[in-house]
Amino acid sequence: MGFTSFEGLRSGVAGRVAGRSMVAWVLTSVLVTGCGVEELPYEEQQGPELRTQEQAAVENNGLSLNGLSLNGLSLNGLSLNGLSLNGLSTRDFATWFNSNPAGNDQLMRYLVLCAVPANESRTFKNPSTGVAYTWQGGMGLAPNWAGGAPATEAEQQTISACLAAHANNYGLHVPISLLGRDANESTIPFSSEELKTFSRREACFFGNVFTNEGLFAGNDRNALALDESTSRPCGLVGFGLLSNPACTQVQRVGQCENYCQLEPNGGFYTQCTFNGKTYKALTTRIRTQDVNHCGDGVCQQGERCGFGITADSCLLDCGSCVL
């Protein structure tokens, strides 16, 4: 399944957190009509629910939580080692890891969650401290890289999109659904229940952080209303907002439909083109209850104090800013 979050990198409510364990669920549904005949929504075209690797790994809990902090994100050198146990034992990997042990431990949790299958894990014993780290697989989006081969460009792009989808510089774990295809063009399994639970289309993510080309995101369909906000600063944004100060490492590009190509059934974006470069993409969905409204009585991340009734000036929830 495609639930995920950035640590969370991937935390979804339906069953993708542990297996796809920290990656994000990317799902979108579209109601298609044509020739006067209304077709079934995308989620109803897909047949029986699929039991995914992530579901099995989390014992039928298919959520994936985002919570990964992108501050200081650096993957330089990782694309050559691969994520095999041998790759993690190299001096280069140890040098990279010890440049920021706490941050890279979190990053590796999401990397392994995104890249490695749910029934596998990766362990690294730090030669400098003797501390052993174990990271659980989940989504299996980059099988060759997970097996120890250098990451292909398709794998670099897929993992980059997965990391971006799980980014949450607030450090919050918000369930998400992640949809799309892995590096080998296999569709990420999902269920109709996942689509129903994560009913609000959120964003598309793409880019390549292995080559320092950057990370990009766009709104999937309608933007947030003026009184709405979310606790995912890299996800949905409101009208006219192309950036968020809490998500500086992901560049906003506007609406996904202006840059990205949908798969035939309209369920998710397969690729996005920006600045003349085409990237593999992943798509996210969120639950309706994870969209906050000014006036609900709670001052949540994404809302600010003020004298108005909008998310960035919400008197009812966050007060007037007067000390």
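## Disulfides, salt bridges and surface of a predicted chain

Both C234 and C247 are buried, a class that means under 20% relative accessible area, while exposed means over 50% and partly exposed covers the range in between, for a 1.4 Å probe and protein chains only. This is a predicted model, in which local features need pLDDT of at least 70 and side-chain atom pairs count only at pLDDT 80 or more, whereas totals for chains, interfaces and linings use all residues. Residues are numbered from 1 along each chain as its sequence is written, and side-chain values use heavy atoms, with hydrogens and water left out.

**The chain as a whole**

The secondary structure of the protein chain comprises 10 helices and 17 strands, where helices (H or I, at least four residues) and strands (E, at least two) are DSSP runs numbered from the N terminus. Of its 323 residues, 56% count as buried. Among the contacts of the chain with a separation of 6 or more, 69% are between residues 24 or more positions apart, a contact being heavy atoms within 4.5 Å. The accessible surface comes to about 13,000 Å², and 51% of that area belongs to carbon and sulfur atoms; such areas come from the Shrake-Rupley method with a 1.4 Å probe, and for residues only the protein chains shown count as cover.

**Disulfides**

A disulfide is taken here as a pair of cysteine sulfur atoms within 2.5 Å, and by this rule the count comes to 7. One of them joins C234 to C247, with an S to S distance of 1.7 Å. The torsion about this S-S bond is about 105 degrees, so the disulfide of C234 and C247 is right-handed. Both cysteines lie in the loop between β10 (228-230) and β11 (250-255), so the pair ties together parts that are 13 residues apart in sequence.

C260 and C272 are likewise joined by a disulfide, at an S to S distance of 2.0 Å, and the torsion about their S-S bond is about 105 degrees, so this disulfide is right-handed. Since C260 lies in strand β12 (residues 260-262) and C272 in strand β13 (residues 269-274), the pair ties together parts that are 12 residues apart in sequence. C260 is buried, with a relative accessible area of 11%, and C272 counts as buried at 0%.

Which hand does the disulfide of C114 and C162 have? Its S-S torsion is about -80 degrees, so the disulfide is left-handed. The sulfur atoms of C114 and C162 are 2.0 Å apart, and the pair links distant parts of the chain, C114 in helix α6 (residues 101-115) and C162 in helix α8 (residues 153-165), 48 residues apart. C114 counts as buried at 0% relative accessibility, and C162 counts as buried at 0%.

**Salt bridges**

Side chains of opposite charge can pair when their charged atoms come close. With a salt bridge defined as a side-chain nitrogen of Lys or Arg within 4 Å of a carboxyl oxygen of Asp or Glu, the count comes to 7. Among them, E120 and R122 meet at 3.0 Å, N to O. E153 forms a salt bridge with K277, the closest N and O atoms being 2.7 Å apart; because E153 lies in helix α8 and K277 in strand β14 (residues 277-286), this pair ties together parts that are 124 residues apart in sequence.

In the salt bridge of E185 with K280, the closest N and O atoms are 2.5 Å apart. This pair also links distant parts of the chain, with E185 in the loop between β7 (174-180) and α9 (192-197) and K280 in strand β14, 95 residues apart. Salt bridges that share partners join R181, E185 and K280 into one network.

| Residue | Relative accessible area | Class |
|---|---|---|
| E120 | 31% | partly exposed |
| R122 | 8% | buried |
| E153 | 43% | partly exposed |
| K277 | 28% | partly exposed |
| E185 | 45% | partly exposed |
| K280 | 11% | buried |

**Surroundings of N208**

N208 is found in strand β8 (residues 200-208) and is buried, with a relative accessible area of 0%. The side chain of N208 reaches the backbone nitrogen of T211 at 3.3 Å. Leaving aside neighbours within four places in sequence, N208 is in contact with E153, Q156, Q157, S160, E213, G214 and Y279.

F307, L315 and V322 make a nonpolar surface patch of about 330 Å². Patches are made of residues with over 30% relative accessible area and no salt bridge, like charges being joined within 9 Å and nonpolar side chains (Val, Leu, Ile, Met, Phe, Trp, Tyr) within 5 Å. V322 is found in the segment after α10 (315-318) and is exposed, with a relative accessible area of 61%. G297, in the loop between β15 (291-293) and β16 (309-310), counts as exposed at 55% relative accessibility. The C-alpha atoms of G297 and L316, 19 residues apart along the chain, are separated by 6.4 Å.

Terms used:
Polar contact = N/O pair within 3.5 Å; in protein donor to acceptor, adjacent residues only side chain to side chain.
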